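Please open the structure in a viewer and keep the sequence beside it.

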Amino acid sequence: QVQLVESGGGLVQPGGSLRLSCAASGSIFSINYMGWYRQAPGKQRELVAVITSGGSTNYADSVKGRFTISRDNAKNTVYLQMNSLKPEDTAVYYCNADRVATTSGLWDYWGQGTQVTVSS
């Protein structure tokens with residue numbers, strides 16, 4: 001069984017920064033993609049950023065230049081550094097691990113979500 005545990009959410013003022021972390025644990029051989037999604041009240045879940053095992057990244061246009069995704073393959077951990085936060089970044093942020101190779105095949109996993117609130 002694979003679990004994703006997120007941390008780092010909270011309340012921050014506009015213009016501030018937060019760093020999210022997500023650690024995958026369990027019988028994992030490799031993880032192809034790791035990423036962050038977010039869902040604001042009344043809206044659909046959307047991609048924020050994704051990173052491959054080789055370090056290639058992709059960002060939503062709304063966060064380019066402000067957010068940075070990174071990962072530590074040895075620790076099966078992905079990070080999201082969020083700078084210059086805006087009220088519209090307020091959402092529940094979910095970690096995703098896609099194409100996770102385990103003893104039973106390839107699977108997709110989600111974290112439980114962590115709340116990020118940007119408000120003065």
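**A guided tour by selection**

Begin by selecting Arg 19, whose bridge partner in β8 is Gln 81. The model is a predicted one, in which local features need pLDDT of at least 70 and side-chain atom pairs count only at pLDDT 80 or more, while totals for chains, interfaces and linings use all residues. Residues are numbered from 1 along each chain as its sequence is written, and side-chain values use heavy atoms, with hydrogens and water left out.

Next, display strand β8 (residues 77-82) together with β3; the two run antiparallel and are joined by 6 bridges. Strands here are DSSP runs of E with at least two residues, numbered from the N terminus, and two strands pair if DSSP finds at least two bridges between them.

Now widen the selection to the open sheet of 4 strands, which has the order β1-β3-β8-β7 and antiparallel pairing. At its edges lie β1 (3-7) and β7 (67-72), each of which pairs on one side only. From one strand to the next, the twist averages 15°; the axes are lines fitted to C-alpha atoms, and angles run from 0 to 180 degrees between N-to-C directions.

Which residues does the disulfide join? Select Cys 22 and Cys 95, which it links with an S to S distance of 2.1 Å. The pair connects distant parts of the chain, 73 residues apart: Cys 22 belongs to strand β3 (residues 18-25) and Cys 95 to strand β9. A disulfide is taken as a pair of cysteine sulfur atoms within 2.5 Å, and by this rule the count comes to 1. The link is left-handed, with -80° about the S-S bond. Both cysteines are buried (under 20% relative accessible area; exposed is over 50% and partly exposed is in between, with a 1.4 Å probe and protein chains only).

Follow strand β9 (residues 91-102) to Thr 102. Thr 102 counts as buried because its relative accessibility is 10%. Leaving aside neighbours within four places in sequence, its contacts (heavy atoms within 4.5 Å) are Val 2, Ser 27, Phe 29, Trp 107 and Tyr 109.

Finally, select Gly 10 in strand β2 (residues 10-12). Is Gly 10 buried or partly exposed? With 25% relative accessibility, Gly 10 counts as partly exposed. Not counting residues up to four places away in sequence, Gly 10 touches Leu 18, Gln 115, Val 116 and Thr 117.
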